[in-house]
Amino acid sequence: QVQLEESGGGLVQAGGSLRLSCTASGIDFSRNVAAWYRQFPGKQRELVAEITSGGGTNYGNFPKGRFTISRDNTKNTMYLQMNNLNPEDTAVYYCRLSNLWGVYWGRGAQVTVSS
């Protein structure tokens, strides 16, 4: 079974930082494209950042200076470093792995930024 488990979410003050982690099991993590998405209430899930097995990255409509995606294949883990957070970043953040056979989602991690 493929399982993705997010961690690192929670409550943070505006201007603060969080690092989300997502650890995968039941899959060859290194052979998957890894991505972070987020979803606001009543809105479609949107891409935050994506990283290939080779380290190439693609970011959504967010400042690259605030969010950084990375991965550690030795730990089967992907990360999203979030800096200078503001209340508009409050959302549920999901990790995702994708390959030719399917797409796998984590359950999501709540990130709440207080003003």
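Colleague: How many aromatic pairs does the count come to?

Modeller: The count comes to two aromatic pairs in this model, which is a predicted one. One of them is formed by Y37 and W105, whose ring centres lie 5.1 Å apart with the planes at 65°.

Colleague: Why is the pair of Y37 and W105 called edge-to-face?

Modeller: Two numbers settle that. Ring centres have to lie within 6.5 Å to pair, and planes over 60 degrees apart count as edge-to-face. For Y37 and W105 the centres are 5.1 Å apart and the planes stand at 65°, so the pair is edge-to-face.

Colleague: What makes this a link between distant parts of the chain?

Modeller: Y37 belongs to strand β4 (residues 33-39) and W105 to strand β10 (residues 103-105), and the two are 68 residues apart.

Colleague: Is Y37 buried or exposed, and how do you know?

Modeller: Buried means under 20% relative accessible area. Y37 has 13% relative accessibility, so Y37 counts as buried.

Colleague: And why is W105 called partly exposed?

Modeller: The class runs between the 20% limit for buried and the 50% limit for exposed. W105 has a relative accessible area of 35%, so W105 is partly exposed.

Colleague: What makes Y94 and W105 an edge-to-face pair?

Modeller: Here too the limits are 6.5 Å for the centres and over 60 degrees for the planes. Y94 and W105 have 6.3 Å centre to centre and 90° between the planes, and the pair is edge-to-face. Y94 lies in strand β9 (residues 91-98) and W105 in strand β10, so this pair ties together parts that are 11 residues apart in sequence.

Colleague: Why does Y94 count as buried?

Modeller: Y94 has 13% relative accessibility, so Y94 counts as buried by the rule of under 20%.

Colleague: Which residues do the ring pairs link into a cluster?

Modeller: The cluster is made of Y37, Y94 and W105.

Colleague: Let us turn to the strands. What makes β1 and β3 a pair?

Modeller: At least two bridges are needed for strands to pair. Five bridges join β1 (residues 3-7) to β3 (residues 18-25), and these strands run antiparallel. E5, for instance, has T23 in β3 as its bridge partner. Strand β3 is also joined to β8 (residues 77-82), by six bridges and again antiparallel, with L18 opposite M82.

Colleague: Why is C22 called buried?

Modeller: C22 lies in strand β3. Its relative accessibility is 1%, so C22 counts as buried, given that the limit is under 20%. Leaving aside neighbours within four places in sequence, C22 is in contact with residues including L4, W36, M78 and C95.

Colleague: What makes the phi of N76 worth a mention?

Modeller: Most residues other than glycine have a negative phi. N76 has a phi near 55°, a positive value in a residue other than glycine. N76 is found in the loop between β7 (67-72) and β8, and is partly exposed, with a relative accessible area of 29%. N84 also has a positive phi, near 50°; N84 sits in the loop between β8 and β9 and counts as partly exposed at 49% relative accessibility.

Colleague: How do you know that the radius of gyration agrees with a compact globule?

Modeller: For 115 residues, a compact globule would have a radius of gyration near 13 Å, and the chain has 13 Å, so the two agree. The C-alpha trace spans about 40 × 25 × 25 Å along its principal axes, and buried residues make up 40% of the 115 residues.

Colleague: And how many helices and strands are there?

Modeller: The chain has zero helices and 11 strands.

Conventions. Residues are numbered from 1 along each chain as its sequence is written. This is a predicted model: local features need pLDDT of at least 70, side-chain atom pairs count only at pLDDT 80 or more; totals for chains, interfaces and linings use all residues. Side-chain values use heavy atoms; hydrogens and water are left out. Helices (H or I, at least four residues) and strands (E, at least two) are DSSP runs, numbered from the N terminus. Rings of Phe, Tyr and Trp (its six-membered ring) pair if their centres lie within 6.5 Å; planes under 30 degrees apart count as stacked, over 60 as edge-to-face and the rest as tilted. Buried means under 20% relative accessible area, exposed over 50%, partly exposed in between (1.4 Å probe, protein chains only). The radius of gyration is taken over C-alpha atoms; the globule rule is 2.2 Å times the number of residues to the power 0.38. Contact means heavy atoms within 4.5 Å.
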